[in-house]
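Student: Hi! Could you walk me through this protein chain, one step at a time?

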Amino acid sequence: MKQEIVEEIKGIVGKDGYSTDIADLYVYGFDASIHHKTPDIVVRPTTTEQVSAIVTLANRTLTPIVPRGAGTAMCGHAVPLKGGIVLDLTAMNKITEMRVEDLYCVAEPGVIYDQLNGELSKRGFWFPTTPGSAEACTIGGMVATNASGMRAIKYGATRDYVLGLEVVLPTGEIIHTGTRTLKNSSGYQLDRLMVGSEGTLGVITSVTLRFAVKPEASAMTIAAFNSLVDAGRCVSNIIAKPLLPSAIELMDSVTIKAVNKCMNVGLPDCEAICMIEVDGHPAAVEDEMKIVEEIARKSGAFSTEASADKKKINEWTQARKAILPSLSRYGENYVSVALADDMSVPISKIPEAVGAFQRIAEENGVIVGTYGHAADGNLHTKMLVEPHSEESWKAGERAVGQIYDKVLELGGTVTGEHGVAITKAPYMQKERADSLDAMKAIKKALDPNGIMNPGKIFDWEGSIISHLRYPAFCDDRCGGCQKS
Ligand SMILES: Cc1cc2nc3c(=O)[nH]c(=O)nc-3n(C[C@H](O)[C@H](O)[C@H](O)COP(=O)(O)OP(=O)(O)OC[C@H]3O[C@@H](n4cnc5c(N)ncnc54)[C@H](O)[C@@H]3O)c2cc1C
């Protein structure tokens with residue numbers, strides 16, 4: 001990067017507001033995905049005006065710029081593929097308004113999900129989307145990926161809570177979308193466009209969010225099955241009752257074994273479990289839990305264990321959250337990677353989907369852990385690969401393609417909550433074939449110079465096994481990315 005650009009950035013954010021230190025640059029080249037690329041500079045603005053000045057500079061000098069929250073996204077979202085500026089928004093971390101009487105609050109993009117919920121819960125409210133990364137992910141990152149989580153079946157995704165946004169467009173212009181009212185039919189819903197835009201259409205500098213009343217009570221049961229397909233069927237049987245649980249988490253035998261190995265929670269050692277949560281008024285919770293356990297047994301569960309004890313529920317929830325790190329310890333030679341990690345299918349298709357994933361894994365000789373927020377049809381698979389074996393990556397990529405073909409055949413989507421970025425780009429392009437041109441036209445209109453988070457979503461071409469964070473396997477197919 002040219003020294004005069006660095007000097008101009010220093011003039012905007014001061015000497016402590018940026019870094020070109022090689023160690024900082026290396027670290028900011030990662031997110032939670034398999035990818036890596038080192039940026040030229042990391043900038044940490046503290047105000048919307050600073051963001052606007054930095055983006056204006058980037059646009060004028062045609063410098064790529066990638067907004068970044070906590071870097072927990074799993075598909076290479078925050079990896080600066082073309083180098084340039086990483087815009088770290090975590091210093092903009094204040095809750096600037098809390099209006100419980102109007103059911104909304106206003107937060108800067110770097111506010112962490114759990115931090116916001118800490119403040120809301122003191123007042124009897126919550127922002128219930130519950131991503132697995134709740135302790136770390138930022139509100140800006142959640143809006144930019146339309147994040148959700150285990151409670152989406154009952155409470156929806158981030159988009160359902162966004163009332164309005166302040167956005168710095170790729171030209172540097174500051175705009176305000178939406179309102180502070182709960183209803184709004186005033187023109188194009190531009191906040192909806194920004195939700196899920198993955199840092200490609202602008203930088204979100206303030207978020208107005210509605211929230212929900214926190215339920216008084218909850219209870220959870222662990223239903224154990226000898227068949228993954230039966231567990232999948234249990235999910236749709238509960239919904240069809242009709243009964244709306246607050247969460248159903250499905251875990252297969254690979255994930256159960258991995259978690260039992262790493263955490264001392266003693267999950268039933270079986271083919272599959274469903275962790276089913278209901279919440280609401282205490283009397284309703286008690287009644288619904290009885291119905292849930294009856295349906296689980298009729299669906300083939302050989303045991304159920306219910307609890308309304310907060311400590312126990314927390315223990316089980318932590319076990320569920322530990323799946324990703326636990327899978328990495330499944331076998332010494334493997335790492336667990338986010339490949340085909342986040343598909344969604346219509347709820348009734350879960351049994352067919354999980355059966356197909358198992359078959360595809362076996363046929364390709366790869367180990368796949370299947371789990372997920374199954375109540376809303378959102379399944380997560382994590383693949384165990386040998387990071388330095390080209391054959392292992394190739395087998396993984398083959399399986400990914402077949403898994404996504406099956407998902408699309410079942411009427412599903414390649415991503416329910418994590419988003420597209422790099423790792424899902426080719427498959428999303430297949431899924432959205434007839435709307436790619438419309439997306440490109442919107443991008444061109446808002447970002448004519450293509451500076452915002454370039455090379456992702458519809459701009460990605462080629463294999464996803466590229467720009468890898470595992471140097472020993474890096475080769476020239478990705479342009480020597482690890483050598484930068
Ligand atoms: C262990 C684990 C569990 C997870 N569980 C879930 C889950 O249950 N549900 C779920 O949805 N996701 C989950 N994720 C993925 C991830 O946490 C979410 O996508 C999260 O919303 C990303 O937030 P972040 O602050 O880390 O954003 P980052 O990773 O920093 O960025 C994500 C994307 O948003 C853009 N962005 C960030 N901030 C802004 C901004 N202010 N303006 C414009 N663009 C911006 C970036 O450019 C990037 O494209 C999980 C990840 C991990 C590691």
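Predicted model: local features only at pLDDT ≥ 70, side-chain atom pairs only at ≥ 80, totals over all residues.

Student: What box do the C-alpha atoms fill, and what share of the residues is buried?

Tutor: Taken along the principal axes, the box is roughly 70 × 60 × 45 Å. Among the 484 residues of the chain, the share that counts as buried is 51%.

Student: What percentage of the contacts with a separation of 6 or more is between residues 24 or more positions apart?

Tutor: Here we look at contacts in the chain with a separation of 6 or more. Residues 24 or more positions apart make up 73% of them.

Student: Now the helices. How are H13 and H14 oriented to each other?

Tutor: H13 covers residues 350-364 and H14 covers residues 390-409, and their axes come within 9 Å. They cross at roughly 155°, and angles over 145 count as roughly antiparallel. H13 and H14 are therefore roughly antiparallel.

Student: What is the handedness of that crossing, and how many nonpolar residues are in the contact?

Tutor: H13 passes H14 in a crossing that is right-handed. The contact includes Ala353 and Phe357 of H13, and Ala399 and Ile403 of H14. By class there are 2 polar and 2 charged residues, and the number of nonpolar ones is 9.

Student: Are H8 and H10 parallel, antiparallel, perpendicular or oblique to each other?

Tutor: H8 (residues 228-240) and H10 (residues 282-298) have axes 9 Å apart and pack at an angle of about 140°. Roughly perpendicular ends at 115 and roughly antiparallel needs over 145. H8 and H10 are therefore oblique.

Student: Which residues make the contact between H8 and H10?

Tutor: This crossing is right-handed. From H8 come Cys234, Asn237 and Ile238, and from H10 come Val292, Ile295 and Ala296.

Student: How do H8 and H13 lie to each other?

Tutor: Their axes are 8 Å apart, and the packing angle is about 155°. Among the residues that meet are Leu228 and Val229 in H8, and Ile350 and Pro351 in H13. The contact has 6 nonpolar, 4 polar and 1 charged residues. H8 and H13 are therefore roughly antiparallel.

Student: Last one: is threonine 255 buried or exposed?

Tutor: Threonine 255 is part of helix H9, residues 253-262. A residue is buried if 20 or more other C-beta atoms lie within 10 Å of its own. Threonine 255 has 31 C-beta neighbours inside 10 Å, so it counts as buried.

Student: Which residues does threonine 255 touch, leaving out those up to four places away in sequence?

Tutor: Glutamate 166 is 89 residues away from threonine 255 in sequence and 40 Å away in space, C-alpha to C-alpha. The residues that threonine 255 touches are Ile323, Leu327, Gly369 and Tyr371.

Definitions and conventions. Residues numbered from 1 in each chain as written. Buried ≥ 20, exposed ≤ 12 C-beta atoms within 10 Å, placed from the backbone. Contact = placed C-beta atoms within 7 Å. Axes fitted to C-alpha atoms, helices over the stretch in contact; angles between N-to-C directions. Helix = DSSP H or I, 4+ residues; strand = E, 2+ residues; numbered from the N terminus. Parallel < 35°, antiparallel > 145°, perpendicular 65-115°, else oblique. Left-handed = near helix turned anticlockwise from the far one by under 90°. Nonpolar A, V, L, I, M, F, W, Y, C, P; charged D, E, K, R; others polar.
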